[in-house]
Amino acid sequence: MLAGQAGPGAQKAMEIVVALGQIYGARDLTPVSSVQVAGVSYKNLGGAGLEFLEEWAVQGARARVPATLNPAGLDLESWRELGFSEAFARSQQRVIAAYEALGVAPICTCTPYLVGYVPKFGQHLAWAESSAVSYANSLLGARTNREGGPSALAAAISGRTARYGLHLDENRLATARVDVQVDIKSEADLGALGYQVGRLVKNRVPYFRFRQPPSRDWEWKALGAAMAASGAVALFHVEGVTPEAQEGDMLAAGASALLVDSLQEGYRALNGPVKQIDLVSLGCPHASLNEVQAVADYLEGKRARSALWITTARATRQAAQAAGLVARIEAAGGRVVADTCLVVAPVHELGFRTMATNSAKMAAYAPAHSGLTVRFGSMSQCLDAALAGRWTVRTEGRD
Ligand code: F3S
């Protein structure tokens, strides 16, 4: 491939993979079982990024392994009724078409592991979306570094990635032990915890010990997403929960120790000075079917005053629709939005200025990425804000 015998598209991909391997001192390359590609929203790619993709496709490049896309800048089916502009939609559709030509499945989600793309323990991957990287490494025991958009695409086209970082056993040991001495009552608590810990451990591997580990499926993705947003954590272990921690001792000799006995710092950092709420955003990372069900149940017989978006994968939305959940949420004034999220969509153009969210990652990114002032709290606090049109929690923090 490097010599060009598989065509110029594959040659370019292999040049990128080899160059990264040289930069990071990799001994060799490893085949990858799947790839997850970020850099999909036209808001971030722009015209130059789109041309880069189209040119690569024209060179005959095609993914050799299963590859999927991260969220796009809009709901690919309902963009018009949600208020996205025709011009943005056309550009976004060209991006999707270019990725399809490159052989990447346009499932447009940051939770491929919830919609059938579930890596197996020990498999090597090249995934790009930081929250998905964290989930695949930590909860599933697969092995991936946090790839950039072009490097993930190069791995898809070459079928390989450089073997360094989290592909190697020795780098998967935890170097920071975190004893959590507070009771975790919601996904927002885990987000606040992740935000605090990520800031402290940066790119190290934390090993959590909880008094009572959370059990709902969406809480773990909230923790990983938050640590990836405030630090660069791509792998964490939880005693008695995550697969590698169950198999053996994952604490490195000389690991540092950290004690968390309050979440106030995280809640304080993630809450902006705003009462009026234009938009409530749930589903970052993309909502599971259980989350959609929980929202539908909470809203039963009620009516939202603010906009309310639950972002999810299209396949999850279809399952929610079949179960009658989409209709129930729409009856309460909410929307179940597929293919996108409020960080990669051009939200400001839609007229929203303030947001409430139960995602620490969304609360950390939305001010800079989308120009929003944000309130952060649990799903029930956010849904109460949607019903009242304003933030109703007196003291910042927990239920
Ligand atoms: Fe996913 Fe967007 Fe959040 S890509 S993790 S929903 S910021």
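## Exercises on a predicted model

Helix α15 buries M379, Q381, C382, L383, A385, A386 and L387. Keep in mind that the model is predicted.

**Exercise 1.** Work out how many residues of α15 are buried and what covers them.

*Solution.* For the buried test, take under 20% relative accessible area. Finally, step past the end of the helix, where G389 follows with a positive phi, near 75°.

**Exercise 2.** Find the order of the strands in the open sheet of 5 strands, and explain why one side of β12 and of β14 has no neighbour there.

*Solution.* Trace the sheet across: the order is β12-β11-β10-β13-β14, with parallel pairing. Now check the edges: β12 (335-338) and β14 (373-376) each have a single partner strand, so one side of each is left without a neighbour in the sheet. From one strand to the next, the twist averages 30°. Then zoom in on β11 and β12, joined by 4 bridges; T312 sits opposite A338 in β12.

**Exercise 3.** Which residues have the most contacts inside the largest nonpolar core?

*Solution.* Among the 71 residues of this core, they are L193, F208, F210 and W309. Helix α7 gives the core its largest share, 7 residues. Now follow F208: beyond its neighbours within four places in sequence, its contacts include V178, L193, V197, L223 and F236. Apart from this core lies another, of 32 residues, including V17, L53, A72 and L153.

Notes
Residues are numbered from 1 along each chain as its sequence is written. This is a predicted model: local features need pLDDT of at least 70, side-chain atom pairs count only at pLDDT 80 or more; totals for chains, interfaces and linings use all residues. Side-chain values use heavy atoms; hydrogens and water are left out. Buried means under 20% relative accessible area, exposed over 50%, partly exposed in between (1.4 Å probe, protein chains only). Helices (H or I, at least four residues) and strands (E, at least two) are DSSP runs, numbered from the N terminus. Contact means heavy atoms within 4.5 Å. Two strands pair if DSSP finds at least two bridges between them. Axes are lines fitted to C-alpha atoms, for helices over the stretch in contact, and angles run from 0 to 180 degrees between N-to-C directions. A nonpolar core is a set of buried Ala, Val, Leu, Ile, Met, Phe, Trp, Tyr and Cys residues joined through side-chain atoms within 4.5 Å.
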